[in-house]
Amino acid sequence: MNIKNMIRPEISALSAYHVPDAEGFVKLDAMENPYLLPEPLQQELGEHLARVALNRYPQPSYRRLKQLIASKLGVPAGHEIVLGNGSDELIAMMSQACAKPGAKVLAPVPGFVMYAMSARFAGLEFVGVPLDADLRLNKQAMLAAITEHQPAITYLAYPNNPTGTLYEVDDMVDIIRAVGDQGVVVVDEAYQPFAGVSFMSRLDEFDNLVVMRTVSKLGLAGIRLGYMAGHNALMAEFEKVRPPYNINVLTEAAAEFVLQRIDVLDAQTAELRLQREKLRIALEQLPGVHVFPSAANFLLIRVANAEQVFAKLAQQKILVKNVGKMHNLLENCLRITVSTPEENALFLAALAASLSSP
Ligand SMILES: Cc1ncc(COP(=O)(O)O)c(C=O)c1O
């Protein structure tokens with residue numbers, strides 16, 4: 001079979017998104033919330049889901065779910081919401097809708113890998129603008145790249161993955177203004193529950209602003225639900241490329257159920273913010289570990305030999321993310337998801353052992 005005759009060369013050149021097998025590991029690699037719903041709520045949810053009409057397609061307007069997202073997660077009145085099967089799908093939809101011939105996508109790097117991947121899938125060119133050595137936004141380089149490339153989409157993850165950096169608000173505003181009506185600026189607030197700041201309330205100020213979020217980091221990664229809001233005219237265009245039934249009835253019902261009890265997830269995220277600070281302080285006390293500031297539910301650290309430390313952690317059944325090869329600014333860096341006090345303690349002990357053994 002001649003695959004090359006069938007598949008676009010830019011797809012052939014890519015590797016598939018790799019997810020390591022985490023069976024038996026303390027899983028600190030994917031920024032998941034480690035807490036389940038309390039037992040009685042699990043029971044109630046089970047009964048709720050059992051009543052869902054699995055024989056029917058979803059109602060593609062998802063009106064009730066959108067109303068709950070707006071009221072419980074703070075989308076300002078009057079702004080249309082578009083739903084995605086995770087925010088990954090929203091990124092894919094925006095790439096598809098904006099893929100005019102020759103159009104470009106711009107984002108700081110290192111950043112979330114799906115911006116570049118989705119751009120390539122849709123035939124868009126991706127332009128990465130390096131952060132500075134402290135992993136902060138290089139505003140001048142961003143502004144110069146906007147002038148040079150006139151990007152159709154600019155992504156600003158707020159806070160950024162994999163660095164945890166929270167960019168300066170004024171820098172973000174300057175970038176949104178510099179792009180102007182030439183393109184869309186997507187402020188990706190996947191980690192907003194851990195940052196406590198947001199552009200959502202500023203949607204009315206900027207016609208080209210899209211604020212994108214997910215329930216994944218909040219504690220519902222398994223149901224795959226992302227949402228975005230922006231100018232209604234823009235949302236109407238993105239809605240055209242959304243597969244009509246992309247949110248399945250079980251996701252819809254589970255999300256509605258949990259959103260009505262959002263205080264449970266809010267308490268879990270508050271606990272994780274507390275744990276992030278404790279973990280940061282403990283890591284800073286370990287010799288040879290540099291901890292970067294993080295406003296997300298993970299910490300990026302630099303050690304002397306990350307490859308070796310990663311392997312030793314894996315031997316001790318601790319799975320973190322080795323991001324050292326992602327970008328030269330991340331050399332010798334590991335990304336660790338903040339977890340329960342017990343799992344954080346296991347990680348810290350394993351890390352201390354990994355650092356001290358030859
Ligand atoms: C910055 C950022 N945006 C979006 C996503 C995707 O989230 P979802 O689970 O909603 O597809 C991630 C996942 O890690 C992320 O780090």
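**Ground rules.** I'm working on a predicted model, where local features need pLDDT of at least 70, side-chain atom pairs count only at pLDDT 80 or more, and totals for chains, interfaces and linings use all residues. Numbering runs from 1 along each chain as its sequence is written, and side-chain values use heavy atoms, with hydrogens and water left out.

**Largest pocket.** I looked up the largest pocket and got about 1200 Å³ of space. A pocket here is an open set of points on a 1 Å grid over the protein atoms alone, where a 1.4 Å probe fits, with protein on both sides within 12 Å along at least five of seven lines; lining residues have an atom within 4 Å of a point. I found 43 lining residues, with Tyr 17, His 18, Asp 29, Lys 321 and Arg 335 nearest the centre.

**Second largest pocket.** I read off a volume of about 360 Å³ for this one. Its lining has 20 residues, and Ala 152, Asp 181, Gln 182, Gly 183 and Val 184 are the closest to its centre.

**Ser 294.** I then went to Ser 294, which is buried at 14% relative accessible area (buried means under 20%, with a 1.4 Å probe and protein chains only). I checked its polar contacts (pairs of N or O atoms within 3.5 Å, one able to donate a hydrogen and the other to accept it; residues adjacent in sequence count only if both atoms are side-chain atoms). The Ser 294 side chain reaches the backbone nitrogen of Ala 296 at 3.0 Å and the backbone oxygen of Phe 298 at 2.6 Å.

Note on methods
Points joined across faces, edges and corners; volume = space filled by probe spheres on them. Buried < 20%, exposed > 50% of the residue type's maximum accessible area, 1.4 Å probe, protein only.
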